[in-house]
Amino acid sequence: MKKLLFLFLSIGFVASAQHNNPNPGYWQQHVDYKMDVKMNVEKFQYSGTQELKYTNNSADTLKRVYYHLYFNAFQPGSEMDARLTSIADPDKRMIKSFKGADGNLIKESKISKLKSNEIGFLKVTNLKQDGVALNSTVVGTILEVDLAKPLLPDKSTMLTMNFDGQVPVMVRRAGRNSDEGVALSMTQWYPKMAEFDFEGWHADPYIGREFHGVWGNFDVKLTLDKTYTVGGTGYLQNPNEIGHGYQAEGVEVKIPKKQKTLTWHFVAPNVHDFAWGADPDFIHDKVMGPNNVELHFLYKNNKDIIANWKALQPKTVELLEFFNSTIGEYPYKQYSVIQGGDGGMEYAMCTLITGNRSLPSLIGVTAHELAHMWFQHMLATNESKHGWMDEGFTSFIADFAVNSIMEKENQEDENPFDSMYKNYYYMISKNGEQPLSTHADRFNDNMNYGVSAYSKGAVFITQLSYIIGFENTMKTLKRFYYDYRFSHPTPNDFKRTAERVTGANLDWYLVDWTQTINTIDYGIKDVVTDGNKTKVTLERIGMMPMPLDILVVYADGTQETFYIPNTLMRWNKENPFGEIPRTILKGWDWAYPTYTFDLNKEKSSIISIVIDPSNYMADINKKNNLYQKVAN
């Protein structure tokens, strides 16, 4: 009883937590879902009822609402199917490749070949508003609904429906019978209210990329075959009736032999999604993490992977501790790592990952998906419009965490995030880059999207540490979390947070790095003798401005650094090189293509001059960043 009381108190605390968004006039919509779902595990079909209390916190009167019907994407002829045949580099998981009669390689969409009993679908019936029947239209993966009565500002309405679904054969993220044999990966599986915010409705079709959801509370009952073990979003309300490793210590759960099913009752407070996975052959381990967070691990009873999944568990505890200390405390009391899906994908209070991996790979994917709890499931940016924020920030902090807990030492490169920079440089070399502000579905190919969102998005953070200093960058992440958790922050919100932390002006950085494809390229143009001094001339070749750190090494073994401020910042960072003496020079105004400064030593005494010795500035041509004395 004490444990249950604590659980309910925890739920009440999180559920009552409101958004902390400090922007004047900020508002966000609110949803309260109540669903009762019955799953036929033999036919992979389910039916359910949904009660949705929708609260309009906007100043607009809403005459229509929109639902996502994500499973409709897994049908021949869908937009997702069409995109697979038109994009140059379709996702390998979603196509079948084979040689044709002429010997040429043919790529065929897996969706295009799904049979009627293999497709996914969501069908809504008996849709009502406060008991009044509604007119609605299905357009692909979107349900367009005309309200019977307009929903006024600061008012709520009750939307009810019946829905039927079919779990598709696994193609992407969700589905049945994954390649690793997991029966059910139930993600984006229910009729889900689209987001309406200060920009209006975000009723984007599901083409395969990102999501955006409304904050709210979920009360979900799932009834399915009693042999299946379920893991997912939320707190299980009836653990001592269910068993399967959820029951309290010392409790023995006996299910009558005649009983065919179990009803799992989950409550998830203050989240914007609900996902679950289930399999009759799951092992379920439970480990206590920091701050009494229960960590659940559900994975196939496969002798080849058990040892790795056992070893993952203490590392997940370490990861949670790392993220708590570097970003902010995880606010829920549960998190589940579930084998399922087709790679790794984050959901509220859980993740689905493929599990037949080496231990380093298993830790790496878990680190990434767990980090998403902060950068998406507590800081719920619009992934479709700003995918680089959740994926890039997550990639940065996850790599940072893995380097820490695995005690990695990168002796060859001073920049432990070097691979992200290399990915970005590779994309530049292919001349196919699009701005980070490009909608996720509008990237020309998957490579550009992946590198942009994950690598260039991560470089945004690592390079920010070059611009304002590492300590200030980490302070910015903490304050960003504290100020904007449980809301929908924008890129400008993060930029303004960094400005508040430092006093620097950073609009130029956000604009150039995310809204253009301007590149950074500085070079040492000339080093010439000027009496007993040396004149150094630098040139700006790329269009993007930056402040510059310059290291000079002399023949007598001494070193000094110079800092050239970017005048757009109206601010100077602290010396990042510790005891090496630093001189702050006059700022470099962007419009001037060259810049000259003096060294108070003869040219013959100079061994080398280096622009950005840290390698954290994403200069696309490092070769012209170095002057080196020619040996006699």
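This is a predicted model: local features need pLDDT of at least 70, side-chain atom pairs count only at pLDDT 80 or more; totals for chains, interfaces and linings use all residues.
Reader: Which residues of H4 and H5 make the contact?
Author: On the H4 side, Trp 309, Leu 312, Leu 319 and Phe 323 are among them. H5 brings residues including Leu 359, Leu 362, Ile 363 and Leu 370. By class, the contact of H4 with H5 has 12 nonpolar, three polar and one charged residues.

Reader: Nice. What about H7 and H8, how far apart are their axes?
Author: The axes of helix H7 (residues 418-429) and helix H8 (residues 446-468) are 9 Å apart, and the packing angle is about 130°. The two helices are therefore oblique to each other.

Reader: Which hand does the crossing of H7 and H8 have, left or right?
Author: Left: H7 passes H8 in a left-handed crossing. H7 contributes residues including Met 420, Tyr 421 and Tyr 424, while Val 451, Ala 458 and Val 459 are among those from H8. The residues in this contact of H7 with H8 divide into nine nonpolar, six polar and one charged.

Reader: Is Asn 431 buried or exposed?
Author: Asn 431 is exposed, with a relative accessible area of 72%.

Reader: Which other residue has a positive phi although it is not a glycine?
Author: Phe 486 does, with a phi of about 65°. You'll find Phe 486 in the loop between H9 and H10. At 4% relative accessibility, Phe 486 counts as buried, whereas Asn 431 is exposed.

Reader: Then tell me about H9 and H10. At what angle do they pack?
Author: Helix H9 (residues 470-484) and helix H10 (residues 491-502) pack at about 120°, with axes 9 Å apart. That makes H9 oblique to H10. H9 passes H10 in a right-handed crossing.

Reader: Who meets whom there?
Author: Residues of H9 including Lys 475, Leu 477, Arg 479 and Phe 480 meet a set in H10 that includes Asp 493, Phe 494, Arg 500 and Val 501. The residues of this contact of H9 with H10 divide into six nonpolar, four polar and four charged.

Reader: Okay, switching to strands. What is the order of the open sheet of three strands?
Author: The order is S26-S27-S31, with antiparallel pairing. Strand S26 (522-530) and strand S31 (594-599) stand at the edges with a single partner strand each, so one side of each has no neighbour in the sheet. On average, neighbouring strands of this sheet are turned by 20° against each other, direction ignored.

Reader: How many bridges pair S27 with S31?
Author: Six bridges, in the antiparallel sense, with S27 covering residues 533-540. Leu 538, for example, has Tyr 595 in S31 as its bridge partner.

Reader: What holds strands together in general?
Author: Strands of a sheet pair through backbone hydrogen bonds, either parallel or antiparallel.

Reader: Which strands pair with S10?
Author: Strand S2 is one of them: 12 bridges join S2 to S10 (residues 155-166), running antiparallel. Tyr 54 stands opposite Thr 157 in S10. Strand S6 (residues 121-129) is also joined to S10, by seven bridges, again antiparallel. There, Gln 129 stands opposite Leu 159.

Reader: Last one! Where does Leu 52 lie, and is it buried or exposed?
Author: Leu 52 lies in strand S2, residues 45-56. Leu 52 is buried, with a relative accessible area of 0%. Leaving aside neighbours within four places in sequence, its contacts include Val 31, Asp 32, Tyr 67, Leu 159 and Met 193. Leu 52 and Asp 32 are 20 residues apart in sequence and 5.6 Å apart in space, C-alpha to C-alpha.

Methods. Residues are numbered from 1 along each chain as its sequence is written. Side-chain values use heavy atoms; hydrogens and water are left out. Two strands pair if DSSP finds at least two bridges between them. Helices (H or I, at least four residues) and strands (E, at least two) are DSSP runs, numbered from the N terminus. Axes are lines fitted to C-alpha atoms, for helices over the stretch in contact, and angles run from 0 to 180 degrees between N-to-C directions. Angles under 35 degrees count as roughly parallel, over 145 as roughly antiparallel, 65 to 115 as roughly perpendicular and the rest as oblique. A crossing is left-handed if the near helix is turned anticlockwise from the far one by less than a right angle, and right-handed if clockwise. Contact means heavy atoms within 4.5 Å. Ala, Val, Leu, Ile, Met, Phe, Trp, Tyr, Cys and Pro count as nonpolar, Asp, Glu, Lys and Arg as charged, and the others, Gly among them, as polar. Buried means under 20% relative accessible area, exposed over 50%, partly exposed in between (1.4 Å probe, protein chains only).
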